[in-house]
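Please walk me through this structure step by step, starting with a whole chain and ending with single residues.

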Amino acid sequence: MSEPTKAQTLSAAGGGGPSRRGIPGLGSLGGVGEMRHLGLLGALALLVVVGLVTRPENFATASNLVSILSLAATIGVITVGATFVIIGGGIDLSVGAVMALASVWATTVATQSYGPVTMAICAMLVGTGAGLVNGLLIAYGRLVPFIATLAMLVAARGLAQRMSDRKTQIIDADNTAVVELSTTRVLGIPLLVYIFALVVVLGWVVLNRTTFGRRTYAVGGNPEAARLAGIDVRRHTMLLYALSGLCCGIAAILIMARTTTGSSTHGDLYELDAIAAVIIGGTLLTGGRGTIMGSILGLLIFTLITNLFILNGLNTSDQLIAKGLIIVAAVLLQRRNLKERAP
Amino acid sequence: MLVMKGIVKQFPGVRALDGVDLDVRAGEVHCLLGQNGAGKSTLIKVLAGVHQPDAGTIAFNDAEVRPGSPIDAIRLGFATIYQELDLVDGLSVAENIFLGHEHARFGFVNRAAARRAAREVLERLGHGEISPSAEVGRLSPAAKQVVSMARALSHDARLIIMDEPSAALAHDEVANLFRIIRELTAQGVAVVYISHRLEEIREIGDRVTVLKDGRTVAVGLSARDTPTSQIVSLMTGRNVEYVFPAKADRAPGDEVLRVEGLSSPGVFSDVSFTVRAGEIVGLAGLVGSGRSEILEAVYGARPATGRVVLDGQEVRRSVVGTVRHGMGLAPEERKAQALLLDQSVTANITLGSLPGFARFGWLDRKHEREEAKRLAEMLDIRPPDPERPIRTLSGGNQQKAVLARWLLGSRKLLLLDEPTRGVDVGARAELYAVIRNLAEEGIGVLLVSSEVPEVLGLADRVLVLREGTVIHEGDAAGLDEHGVLDMIMNGRAA
């Protein structure tokens, strides 16, 4: 007897929330997403112009561009993992701490004695393991993602401090192969930037061309529909956090290469930068929609701002204020775009 | 006391109320009857200020009123007790009763005064034993009902609207509910009472108004003396003509599904039935009779005891398992439970059988698009572009896409829950034909609908459910709408 009213509530719910359309990477649906990327590219171009005008002598130099990309690489890898988790309807606050833990574990005296390859594998295993714990707690322990990963943030940081005795662990002379990821250049670009690019490409492929990616959109967009369509939502949720952990492990290798150390202080507040980049890139925090490319563009915008502030010798506090404003502006602009496109 | 005239309420695509008249006198229990979709809930929401009518007048104590919001309605003295109780579980009884009109001064709640006042109201309802400081979430359904009623009284309501108040109550609790209603009416309060149980209406009601398809078809019948057959025929005999495809002329094939002793405490008990290949079996019953829940239990989406055997094999009781075994469900709430609204028609169709389109996890998108296109053509999904976002399609075409999802892979059994909800009349006929064609191809179909004519017109065999048990099973050909409604409402097996 409540048919018409139910239909009404449904349509009201559909129209009241942010209306979502178009998944880039799903064939012809890409239109809206490409438009959104155009906006991000425009913002990026604007920042480049600002750089060229204010510091013509040292903005467009090869060394500056390389330093921007190196800076972006570490958080960039984390951002790829965070994009998966957020499209899948979750959140991972533990990324910075897990990266720190992985860097510490991979640089202990014991691990270092096995050589650089083992160090890299160790970092990835630690990251994946921590992510798996997050995933188990969230998917099977039914903890809210925010809380489970907040607990992991605190605990991983603590474990990293305990293992390292709060000391910075320097990579010893036998294992300089790790550091060479940052110092060796191919075509003038450090290897770690290539690793970042590889992770981005792989992330895009997995998200857009595999069943795993399709299920990620389904689980984040409508978990009940995904469940009733026979998708193992819990298992998939767990895997998403493990994937995010793996990305943290890879990021740990990159930061070890850049700083030649493993430290419990690495990656402080990286979670905020990664989430901010994902949001600026147009991924909905409620899940079900988003792109890897958007997140990377969002991250580049963030990194470019940092770079411009440093080049112009401006206050880092002002830099933070600017970043805060950009997050708000990006979200407001996206919402306006969505409204215009709403049916 | 209350006179509603010519109330019209239009929603996108459906005219929920199309000229309803209602006249309620002070101190009476006025019963509102009608089938699912007749407009009862919408009418209540108009009175509660949730919906504003597009046309018509409401007069209360000879003055025209226009409840523009729930607060307006409460100020007028209208209190509504909804089917699903709208209490805040985490708050105390007293806090719930005075929610929105707290005993407060400068924003500080006077808790002692609230508790005293709450106790008074509860005692007036004959339930002094409910502690005003108890947490509502821990109370029984019957006690919650009393709290809802206490809230209505705390507003000094002159007109109380009760939407299926007895649905959540046990038998002796219903008696207590009736006692409270009689006390209220003795004080001159008017009660609008909605129930599907005719025997209750005979017991507590004074007069009856019958709604059908958004119109009033009978006003002020005597609740006690009007014969059941008259009431039922007023509720049925609809204007909309349904076009059903011809039923199967050949005998159904082998047994596809066997359900034995399926039970879920408090929802349904000891349900057993079979579905054969090429057969459409319909479940008829009211909301709350357990019909959707049985479907979910068969599908593995709801825990239950008992055996579910598909094609001779007992299935693992999880959706992942039943889908792998060849079941598919088109759920009741299409948008909330079935669709990925952001995604293309193709992505929605292939969601249930992604592994079939992938090698080592790598999607073959060309194959995906081809299959989606083939199904879109077969089911005549319009517009015929499977790359469109599914949210741009009409309800009927969205429903076809949900059906298409389960035509991929080798499905043996389709579970359809309200397949034509929110679908316009023309598209319904098409859906009926599609469903019949599926059965012709040898798929077993288990169908749930709140519309009795739909179940009778489409199904080969019908199970009638009432309060979680099967009270009748038989060929659809041997049943008519009248008889089924009679069974559903009176609990009499024909």
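The paragraphs below go from chain A as a whole to one helix of chain B, and then to particular places in the backbone.

This is a predicted model, in which local features need pLDDT of at least 70 and side-chain atom pairs count only at pLDDT 80 or more, while totals for chains, interfaces and linings use all residues. Residues are numbered from 1 along each chain as its sequence is written, and chains are lettered from A and ligands numbered from 1 in the order in which they are written.

Chain A contains 15 helices and four strands, where helices (H or I, at least four residues) and strands (E, at least two) are DSSP runs numbered from the N terminus. Of its 343 residues, 53% are buried; a residue is called buried if 20 or more other C-beta atoms lie within 10 Å of its own, exposed if 12 or fewer, and partly exposed in between, with C-beta atoms placed from the backbone. Two residues are in contact if their C-beta atoms, placed from the backbone, lie within 7 Å, and among the contacts in chain A with a separation of 6 or more, 77% are between residues 24 or more positions apart.

In chain B, helix 4 covers residues 111-124, and its 14 residues should span 20 Å at 1.5 Å a residue, which agrees with the 20 Å between its end C-alpha atoms; the expected span is 1.5 Å times one less than the number of residues. The buried residues of this helix are B:A114, B:R115, B:A118, B:V121 and B:L122. Seen down the axis of helix 4 of chain B, these buried residues fall within an arc of 130 degrees, so they line one face of the helix, the arc being that of the directions from the helix axis to the C-beta atoms. Their cover includes helix 3 (93-97), strand 8 (108-109) and helix 5 (141-154) of chain B. Just after helix 4 of chain B comes B:G126, with a positive phi of about 75 degrees.

Positive phi also occurs in chain A in residues other than glycine. A:R166 has a phi near 60 degrees and sits in the loop between helix 7 (145-164) and strand 1 (169-170) of chain A; A:R166 is exposed, with 11 other C-beta atoms within 10 Å. For A:L269, phi is near 65 degrees, and its place is the loop between strand 4 (261-262) and helix 13 (270-280) of chain A, where A:L269 is exposed, with 8 other C-beta atoms within 10 Å.

Finally, the peptide bond from B:R382 to B:P383 is cis, with omega near -5 degrees, and B:P383 belongs to the loop between helix 13 (365-378) and helix 14 (395-405) of chain B.
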